[in-house]
Amino acid sequence: MTDEITISEDILKKVIKLRKSNTHKGNYGRILLIGGSENYGGAIIMATEGALNAGAGLIAVATHSINLTALHARDPEAMYIDWKDNKLASLVPQMDVIVCGPGLGTGDQAKRLLVMLKEKITPDQTLVLDASAIDLISEDKNLLPVKAGHLIFTPHQMEWQRLSGIRIEFQTDQANLTALHHLAQNNNATLVLKSNHTHVYSEYGTVYVNRIGNPGMATGGTGDTLAGIIGGFIAQFGPNPDTILAAVYLHSLAGDLIYQDHYLVKPTQISSLLPKLMKKYADLN
Ligand SMILES: NC(=O)C1=CN([C@@H]2O[C@H](COP(=O)(O)OP(=O)(O)OC[C@H]3O[C@@H](n4cnc5c(N)ncnc54)[C@H](OP(=O)(O)O)[C@@H]3O)[C@@H](O)[C@H]2O)[C@@H](O)CC1
Ligand SMILES: Nc1ncnc2c1ncn2[C@@H]1O[C@H](COP(=O)(O)OP(=O)(O)O)[C@@H](O)[C@H]1O
Ligand SMILES: [Mg+2]
């Protein structure tokens with residue numbers, strides 16, 4: 001049996017740094033979020049709120065044009081580009097991190113976006129693949145953007161079943177690691193397999209488990225928010241395993257604090273709490 005390492009609060013102090021005075025937004029990373037079809041605009045907005053509140057320096061969102069007003073009404077800090085705009089392809093190489101998938105859908109436009117990403121992404125970039133992006137790659141493995149320097153998959157158990165072919169009841173650590181290795185080939189890849197106890201698998205064979213979080217978080221959009229937080233953390237703190245673990249832990253910690261006196265946890269509440277929580281851990285440095 002593979003050993004599991006429990007993610008602990010220490011990871012937050014280790015990863016979240018006090019900001020230095022002589023810095024600017026460019027020092028905290030450029031992130032592009034791609035998703036939000038006509039029906040799923042909320043998903044990309046929640047991912048954007050995750051990235052923004054986690055501290056990403058500059059945020060761009062490529063989505064269906066129907067989502068523009070809602071996006072800017074919620075988050076005027078985010079830049080917008082129509083996902084059908086040809087200029088999107090030239091924006092991709094300028095980014096540190098790309099999050100693709102929340103509310104993306106699986107239609108032809110979504111496929112075209114993955115093909116474009118596959119072509120344009122470079123080895124100095126991190127790509128977070130979530131939700132529909134994972135489903136599309138499950139249908140056609142050729143869509144996987146293999147040139148990315150670091151690939152982070154953030155499926156829930158059914159999305160992982162679709163991608164790996166491993167049925168939920170057979171998703172053991174060993175089987176998941178083997179599948180990740182097979183999938184990633186020569187890429188640096190991490191699997192964040194979401195559940196009530198999310199597991200994080202590094203391709204080097206280490207397995208981490210997040211034992212906090214609560215059923216109040218079983219609300220549509222909680223995973224979209226996590227994808228944004230992971231992206232926002234990578235943008236600021238770099239693409240290393242600790243960064244991902246800290247993002248997973250902080251997301252659940254915020255959920256637990258809200259759950260103390262709320263029956264359910266709205267994903268947007270998690271995002272709202274992040275800057276205050278991050279300040280607390282940065283001050284411990
Ligand atoms: N506001 C918005 O715009 C939102 C938009 N969203 C967007 O919707 C798109 C579709 O994504 P999706 O996750 O909703 O659907 P899908 O991939 O079919 O998964 C559901 C199926 O899997 C099963 N299941 C088994 N285990 C599971 C587990 N641990 N966690 C979860 N499910 C589990 C589950 O079983 P059941 O519920 O039937 O028991 C069911 O059969 C995607 O683009 C996403 O970003 C959402 O983010 C929500 C907010
Ligand atoms: N019972 C639970 N206990 C702890 N965390 C949960 C629970 N249910 C859901 N979550 C968390 O909520 C998120 C759900 O992700 P996902 O299914 O992708 O949601 P969505 O696509 O609706 O945003 C994951 O981070 C998962 O760990
Ligand atoms: Mg999801």
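Which helix is T268 found in? Select T268 and you land in helix α11. Keep in mind as you click around that this is a predicted model.

**Stop 1: T268.** Is T268 buried or partly exposed? Count C-beta atoms inside 10 Å and you get 18 neighbours, so T268 is partly exposed; the buried label would take 20 or more. Skip its neighbours within four places in sequence, and T268 is in contact with M46 and E49. For a sense of scale, draw a distance from T268 to L144: 30 Å, C-alpha to C-alpha, for two residues 124 apart in sequence.

**Stop 2: the rest of α11.** Now select residues 267-282, the whole of helix α11. Its 16 residues, at 1.5 Å a residue, should span 22 Å, and the end C-alpha atoms sit 23 Å apart, which agrees. Look along the helix for a kink of about 40° at L274, shortly before the proline P275.

Next, colour the buried residues of α11: P267, I270, S271, L274, M278 and Y281. Some background for reading that pattern: an α-helix has 3.6 residues a turn, so residues three or four places apart point the same way. And what covers these buried residues? Show α1 (10-15), α2 (41-53), α9 and α10 (241-259), which are included in the cover.

**Stop 3: ligand 2.** Helix α9 (residues 222-237) supplies four residues of the shell around ligand 2, the largest share. In total 17 residues surround this ligand, and H156, N196, G213, T222 and G223 are the closest. Sorted by class, the shell has ten polar, five nonpolar and two charged residues.

**Stop 4: the core.** Which residues have the most contacts inside the largest nonpolar core? Pick I31, I98, L129, I230 and A246, out of 84 residues in that core. Helix α10 gives the most to this core, with nine residues. Zoom in on L129: leaving out residues up to four places away in sequence, L129 touches C100, G101, I134, I137, L151, I152 and F153.

**Stop 5: A131.** Finish at A131, in helix α6 (residues 131-139). With 25 C-beta neighbours inside 10 Å, A131 counts as buried. Check its backbone torsions too. Most residues other than glycine have a negative phi. The phi of A131, though, is near 45°, a positive value in a residue other than glycine.

Definitions and conventions:
Residues numbered from 1 in each chain as written. Chains lettered and ligands numbered in written order. Predicted model: local features only at pLDDT ≥ 70, side-chain atom pairs only at ≥ 80, totals over all residues. Near = placed C-beta within 6 Å. Helix = DSSP H or I, 4+ residues; strand = E, 2+ residues; numbered from the N terminus. Nonpolar A, V, L, I, M, F, W, Y, C, P; charged D, E, K, R; others polar. Expected span 1.5 Å × (residues − 1). Bend = angle between axes of the 7 residues up to and from the residue. Buried ≥ 20, exposed ≤ 12 C-beta atoms within 10 Å, placed from the backbone. Contact = placed C-beta atoms within 7 Å. Core = buried A, V, L, I, M, F, W, Y, C linked by C-beta atoms within 7 Å.
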